[in-house]
Amino acid sequence: MAGEKKSEERNDQGHKSHRVKKSGASVKKKSKSNSNSNEGLTKEQKKLNNPKAFAFTSSVKAKRLQSRATEKEQKRLHVPTMDRTMGEPAPFVVVVQGPPQAGKSLLIKCLIKHYTKQNLPEVRGPITIVSGKKRRLQFVECPNDINGMIDCAKFADLALLLIDGSYGFEMETFEFLNILQNHGFPKVMGVLTHLDKFKDVKKLKKTKQRLKHRFWTEIYDGAKLFYLSGLIHGKYTKREVQNLARFISVMKFPPLSWRVSHPYILVDRIEDVTAPDKVHMNSKCDRNVTLYGYLRGCNLKKGTKAHIAGVGDYPLAGISELADPCPLPSAAKKKGLRDKEKLFYAPMSGLGDLIYDKDAVYININDHFVQFSKNDGDNAEGINKGKQRDVGVELVKSLQNMKYSVDEKLEKSFMSIFGKKPDNAMANREAEMQEKDVEFGEDSDTEGEDSDTEDEDSKKDSTSDQQPPSQSNFKEHIDILEGRVRRKAVFENDGDKDSDGDEEDDDDDDDQVSSDNGDTERDGEENASSDDSSADEEDQEDEMGNASKWKESLAERTALRQNINLMQLVYGKPASKSSNDVEDISEEESDDDDDDFFRPKGEGNKKSKEGSDDKDVDIDDCSKFLSDASKKDWNSEVAVASIRDRFVTGDWVKASLRNHPQSGMAGDVDDDAVLGEFEDLETGQKYNSQHVGDLSDGHMEGDLDPEERRLLKLANHDDGNNDAKSSRGQSNGSGYFDKLKEEIDLQKQINMAELNELDEVTRVEIEGYRTGTYLRLEFRDVPFEMVENFDPCHPILVGGLALGEENVGYMQVRLKRHRWHKKVLKTRDPIIVSIGWRRYQTLPIYAIEDQNGRHRMLKYTPEHMHCLAMFWGPLAPPHTGVVAVQSLSNNQASFRITATATVLEFNHAARIVKKIKLVGHACKIFKKTAFIEDMFTSDLEIARFEGAAIRTVSGIRGQVKKAAKEEIGNKSKKKGGYTKEGIARCTFEDKIKMGDIVFLRAWTQVEVPQFYNPLTTALQPRERTWQGMKTVAELRREQNLPVPVNKDSLYKPIERKPRKFNPLVIPKSLQQALPFASKPKDIASRRRSLLENRRAVIMEPHERKVHALVQSLQLIKNDKLKKRKLKEAGKRKVQEVERAKEEQLSKKRQREERKGRYIEQEKMKKKARRNSD
Amino acid sequence: MGKFTYMRLKGSQNIRLRLLLSTISTTPVLIEDIRTDSTWPGLRPHEVSFLRLLEKISDDCVVEINETGTKLKYKPGIIMGGRHLVHDCGTSRSIGYFLEPLIVLGLFGKKPLSIRLRGITNDSKDPSVDTFRAATLPILKQFGVPSDGLQMKIESRGVPPHGGGEIILSIPIIQENLKAVNWIDEGMVKRIRGVTFSTRVSSQFENTMIHAARGIFNRLLPDVHIYTDHKAGDQAGKSPGYGISLFAETTSGCYISSDTAVSYARMEEEGEMDEEEKKELIPPEEVGEQIAAALLGEIEQGGVVDSSHQGLLFILCALCPQDVSKVRVGKLSPYGIQVLRNIRDFLGVKFVIKPDPSTGTVILKCVGCGLKNLSRKIS
C-alpha cells in the first residue's frame, strides 16, 4: 500500500512512471487468478456470484434491516454544539505521547525540521509553529508519569500515540487512551516506530496488521495508524514525516463539551516576578508568577478563578493581552507559506531569540542584529554627543564599557558612576543597577565569544552605525504603527521588561506590557487603563488626549461618549468595584447634565434628597418604580398623540421606524420581525417594507465595513430561509437536527455582528478575552516550590473555573472499575481522581441503587458492573468524566487506571445507607410480650425505634413497643436495684422462648468522609512520586501488622451430635384404656426364626424335570430374540447408508441444476445490459 | 469543612437580590451594617422570611445572623426544589417580593418546585400576583423555559395589613441552560387586559375602577377587557381592600403591566405617618385612572418589559449561555441599575448600555455567564 502511494507521489512530481511487472511470482499469481475468472468459474467464484446471497427473503427480516439502518443513521447524529470561538483559533495542541524510548522527541524534532527547516536541539515545553496559512500547531511532548499524561489529555487537540513496533503495545498507550476517552475524546493517531528492527518482511507485515487491529479495537475501526519505517541519519525519513504533517494539516478538531465551556491555557512561558528583595530576604517566600500562553476553550473574563494543575486554585491577579508571538501570515493571496512566515516560538526549548531558564531569560541576539559594540561606541561618540541620547542606550553602553562587574564597581567607587551621568540619575536607578548586575554578569560570560564577532560585524557595516543606538526603540515604534509586531522586537522588549520589570512597581510593568501589545496606540492606552486599578484620572486624561486624534470621526466619538456615559452611570468608574458608590455617580451626573434624558429619575431624586451613603445603603428594595410619568394627564390630546403610534390603531410605518435602529446599531433580527408583521397585513404594505429595508441598508452601508456587511447579509439570508421554511409548514420539516443547526448558526452570526461593533475595551469587558489571544496571566502568592521545581518538560495547564466550581461538596459519580485493573476497589480506600482540571485524592464510598431508590453501601466495587461512588471534593458539573488512579508511581508494571466514572450530581448531604442488625435477647417473657435487652443501649434509642419490626430466629415476627417501665422489668431505685436502661418491651405474634435471639433489621446512614487532598505535583521535584494518604493495606504492609481478625466472625466446623430419641413409652394405665387397634402390640421377640424360613425344599424328580425344561426353553427364546435384534440393526444400517448416498446424489444434482440456472440468468442479464448500453 | 471566602457587602439594600445572586453563583456573602443606624436595626421580618424560604428550597445552606440582626452570613447550598412546600411570607411585604427571586431560583433546582405561599397577594409596593401571572411568566418563556409546569394559581387573596392570601406557584427546572434572547422589538399594543379585585368590600368598587380605566384607554384602543374578581368569605383574606392590575400585550408578544392595590396601611407604617392623612383610602375611580395612566406611561417609555420587570429581565439575560443577549427597555429604573451592578459583582457580567435617542429607549447587550443547571441530576 505504502509502496503504491509512493509511486503515485513520484508520478505527481514527474518522476519515472511506474512500470508494471511482467515477470516474477506475483505476476504469475495474478494472471492465474485472472485467467480463472475469464474461463469457467471455480467453485468458490461461483459461490460469490450468487445474486441472491444478500437479498432478503422474509418481510420481517427486511423490516428489521431497515429499522436497523435508520437507527444507525440516527445514532450517527449528535446534538450540534455551538462553537463560540471567533477569529483566529489558538494553535492546535499536538501531544506526542508514548512509552519511553519510543521516539517522541525525535518525531517532534523531525516535524519541526519539516515545518521550519530548523534544528531543534532538545524538546522542552510547548513549541508553537506556523504550519500553514490558516493553521498553527503547538507540539507538546507528554511526560511519562501519570500526572503529566492526565494533564496532557486535558489540553490535547490531537494525540500522536507513538508505539514501539518492535516491542508492541505498552501500558502507557492504553492508559493514555483511557484518560483521553474520559476527558472528552480528542483526535488520536497512532504512529508505529522502530519498524526497522524487523529483518523479516513477512513478520513486519504481520506485526503491522496485528497492531493495527488491536489499535482499532481500542478506538474505532479504521483509526489511522501511521508507520514510520525507520531512521536515516538518525532521523525519520523526510517523506514519511511529510506525510504525517499532511495528515495533521487536514485534521479537523471537533469541540469537546468540557473544553468549550471552560477557558484554559497551556503555559509556554513562565516568569517569576516576585520583588527580588523579598526573595533575597526569604528564598522560600510566596512568589508572584506570570504565565503566558494562548487562550483556548472559551473566552476568559476578568475576575475568574483559575486552577493551575498540580498547584491549586488561584484568583487571576492580572490578565493582559500580548502580541501574538507566533502570528499567522498576513492574508495576502498567495499560494503556500513563505519561508519568512514559517515562524516558530518555543521559549522553553531554548530556541529562538529567547532562551528560557529557571531564574532568568537570556536574549540570543543574531549577529547582524547586534547594535551595541565598543567599536560603535568609539566611532559614534563624537557624532552623537550633541544629540540627546536615550537613557537606556547610554546605560547599556556604559555597561558594555565596564571592566569590572557592577558589584565591584559599586564597592570600589561610588562616585564614578554618578559622576558619569548626572542628568539621568533616577530615583530608582540604584535598584535597577542591582538588578541588572546579576543578568549581565552572566551575559558577559556567555557572550564573551560573541563580542569578537560583533566587533567584526560592526566594522563591516560602519555606515549603519549611526542608527543602532536608538534603533531598537525606533523599530518598536514603527512596528506599533504598523499594527503588528515582529517577533524579534517583542522578544527583546520582553527581555528588557523581565530584567527591569522586577524592581518597578506593577503600574509601570503594565504600561510596558501594553506598549508591547503592538496594537494601535489607543488600544494600548485603553488596555493599560483597564488593567490599572488606580488610574482613574489617567483614564480621563487619556480620553482627552485621544479626543484630538479622533476629530475625523466626530459622530462616532459622540456616540461612543454617550455610550460610556450611560455605562459609567450604571457601573461607575472602572476602579470602584463595590456597589455602594454613590459619590461616584453624583460626580458623574454633575459632569453630564446634558443627557438628562437618559438619567434614571430615581437617581436624580436620590441626589437631591440625600448625599450620603447611609440612607442609600439601607434603601428599601422594591422592583416597582413609579415614575412621575404616571402624573401626566392622559386626557389631553397632546399626550395621547404622543403615544398613538405605540398602539395597533396608530401608524404602523412610524412604529416600525421606531423599532428600527438608527444610531448605527445592527438590528438584524428585529429587521425581519418587522418584515414579518408586514406580511400579516397582506396589503400594499410590501412597498413600505422594502422602503424601510432600503433605508436601513443605506444607513448601514455608511458605517459598516464590508466584513460586517457580509455577516449581516448572511444573517438576514438565514432569517429568510427560516421564514420560508416555517411558512411552508412543519410538515415537510427538514428535521429537528437541521433546525438546531440553523439556530446555532444564526445565533453565532448574531453574536459576531453584535460584538464586532463594540470597541475593543468594552468588548473585552463584556465577553472577556477571546480565544486564540496570547495572554499573560499573573498569579500572586504562589508557593515558591512551583518556581523552584519547575520543569519545562512537564507542561503547565491553567484551567478557568466556572461559577460554583471552586466550592466543595459531595459528588456522586457512576463508577466502573477498569476491567484491566486486577483488584476490586474497597470503600474508603483513598483514590486519586481527575475531574475537570483538577486532580485530587479522596475517599470514596461505593454504593448501589436499590430498586426503591435507596443507595446501599457496598464494601467493594462490583466485579463487572457500574456502581455509584460518593466522595467529597471540589464540585464538577454533571456529565464530567472522571479517571481514578490508585498509585502514581512509574515503576508499576500493571495497568494504573483503576476506574472510570461520570459525575451524576452533587449534593451537600450524603444519603448512603448500610444494613444494620441489632441483636437482643429476651430477659422476661409474658404471654406474647417480652422484654428484650442488649438490643438498645438507652431508652432514648428505643424511642427512636418504636414500632420497628423485629423477628426471632425461629421466624416469629414482632414489634418494638416502648422502653420497659422500671417496675416491670427492673427493680426501681427505690426498691434498691439499679435500673437498667435499654430494655424494650416488644410484642410478638406468638410466645417466644427464652433462648430465642431477636433481630431488628434497619438501615443506618453512612458518613462519607470529608476529605480531599489536591495533588500538588508541581510543587515537588517531578521525579519524586507524590505521596498522599495511604490505604490501610499499605500501612499494614509497611508496618508489618497482621490483618485484625474477629474470632467470632470466623467459620468453625459445625459439630452436630446425632440426636438420640428415647423410645416411646406409654404408661400402662393409658394402654389399658386404649382400644385394641391403638394398643401397642407387644409381641415378644422370637429367639428362633419361623419354621417356614428355616426349612429346605426338595423337589420331586418330575417336578425337577419340568423346571429344567422351562428354564432351557426360556434360554432358547432369549437367544433367538437377541439374534433377531442384531440382524435388524445390521439391515437398518445398510439402509441408512444407501439412503444417505441417494440423498447426496439428489442434492448435488439439484445444486448443479440451480447453479446452471443462475449462471444462465446472469448471462442473460449481462446480455440485456450490454444490449441496453 | 473547608474555609470559605465570603463576599463582603454592606447595608440592607437589595438584600433579596444579593441573596438570589449569591445562591445562583454559589458565592458566600457576608452582609454587614444592616440598618445599624435605624430606629429598628437589623433585618426586617420579610427579609428573615426570605432567608427561611431559601433554607426551605435549598440543601445545606447556612445562615448566621448576629444578635441584633445587623450582620448576616449566608453560605448558599444547592437548590433542591421539591413539591408541596409551604411558606408563610408574613405580612410585612407582599408575596410579589418573594416571587421575583423564587422564580429564578426555581429554574436552577434539582427538582421542579411547587410551593404554596401565604401572605399578602396584592399591595401597592410590590407587583401583584395578577401581574406576575400575566406579565412575568411570559418573560420566562422568551428565555426558553418550558411552559408546561410553569404556572401560578391564586387560591385566595389577601391585602395589607393582615394578609391571608394564598397562591400556589410551580416552576419547572431547566434542563441545560437558558436561551439567549434578541428581544428588541417591543411591537405595538394590540390589546389591554386587566383584573380588578376586591376583598371584603363591595364589588361595586371594581366596576368603578374599570369604568375609570376604560375611559382613558378608549381613545387609543378598543380592545380593552378588564375582568372582575370579587372574593368573598375565606378567599377574601383578612383585610378589606381593592385594586387593579392592567397589562398590555403587544404584537411582538411583550407584556407591559402596572398595578396597585388600595387597603389600610400596616401597623408599623401607621405609626410613622400622620394618622389623619393616610386614613382615607384613595377612591376607586382615581385608582383606576392612575393605573391606566401608569400603564400608558410605561407604554410610552417603550421597552420590551415595563420598569418593574427590568431587574428580572437583566438577571435572566446574565444567566444565559455565552451568547449575546440584546434587550430593549425604557428608562432604566433605579432597581434595574442596582440589579446591573449586582450582576456585575456576582456573575461578572457587564452590559453594554446604549441609548437609542430616536425612541428614548435603552438597548442593553450582554454576553451571558453561561450558567448551567448544575444541581440537576442525570441518570
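1. Start at a single contact between the chains. A:E757 and B:K365 form a salt bridge, with their closest N and O atoms 2.7 Å apart. The model is predicted. This pair belongs to an interface where the rule finds nine salt bridges between chain A and chain B.

2. Next, the polar contacts. Between chain A and chain B, 22 residue pairs are in polar contact, both residues at pLDDT 80 or more. On the side of chain A that touches chain B, helix α23 (residues 554–571) of chain A gives the largest share, seven residues.

3. Now the whole interface. In chain A, 97 residues are in contact with 111 residues of chain B. The two chains bury about 9100 Å² between them. Carbon and sulfur atoms carry 54% of that area.

4. Chain B has an open sheet of four strands, ordered β7-β8-β10-β9, with mixed pairing. Its edge strands are β7 (82–88) and β9 (151–156) of chain B, each pairing on one side only. On average, neighbouring strands are turned by 15° against each other, direction ignored.

5. β7(B) pairs with β8 (residues 113–119) of chain B in the parallel sense, over five bridges. One bridge partner pair is B:G82 with B:L113 in β8(B). Helix α2 (residues 45–57) of chain B packs on the sheet and touches β7 and β8 of chain B. The direction of α2 makes about 165° with that of β7(B).

6. Helix α4 (residues 129–142) of chain B lies across β9 and β10 (165–171) of chain B. It runs at about 170° to β9(B).

7. An unreviewed UniProt entry lists residues 90–254 of chain A as "domain: Bms1-type G". This span is 39% helix and 22% strand, and its end C-alpha atoms lie 14 Å apart.

Technical notes: Residues numbered from 1 in each chain as written. Chains lettered and ligands numbered in written order. Predicted model: local features only at pLDDT ≥ 70, side-chain atom pairs only at ≥ 80, totals over all residues. Heavy atoms only, no water. Pairing = 2+ DSSP bridges. Helix = DSSP H or I, 4+ residues; strand = E, 2+ residues; numbered from the N terminus. Axes fitted to C-alpha atoms, helices over the stretch in contact; angles between N-to-C directions. Contact = heavy atoms within 4.5 Å. UniProt positions renumbered as here; feature names shortened; annotations may be inferred. Buried area = accessible area lost by both parts, 1.4 Å probe. Salt bridge = Lys/Arg side-chain N within 4 Å of Asp/Glu carboxyl O. Polar contact = N/O pair within 3.5 Å; in protein donor to acceptor, adjacent residues only side chain to side chain.
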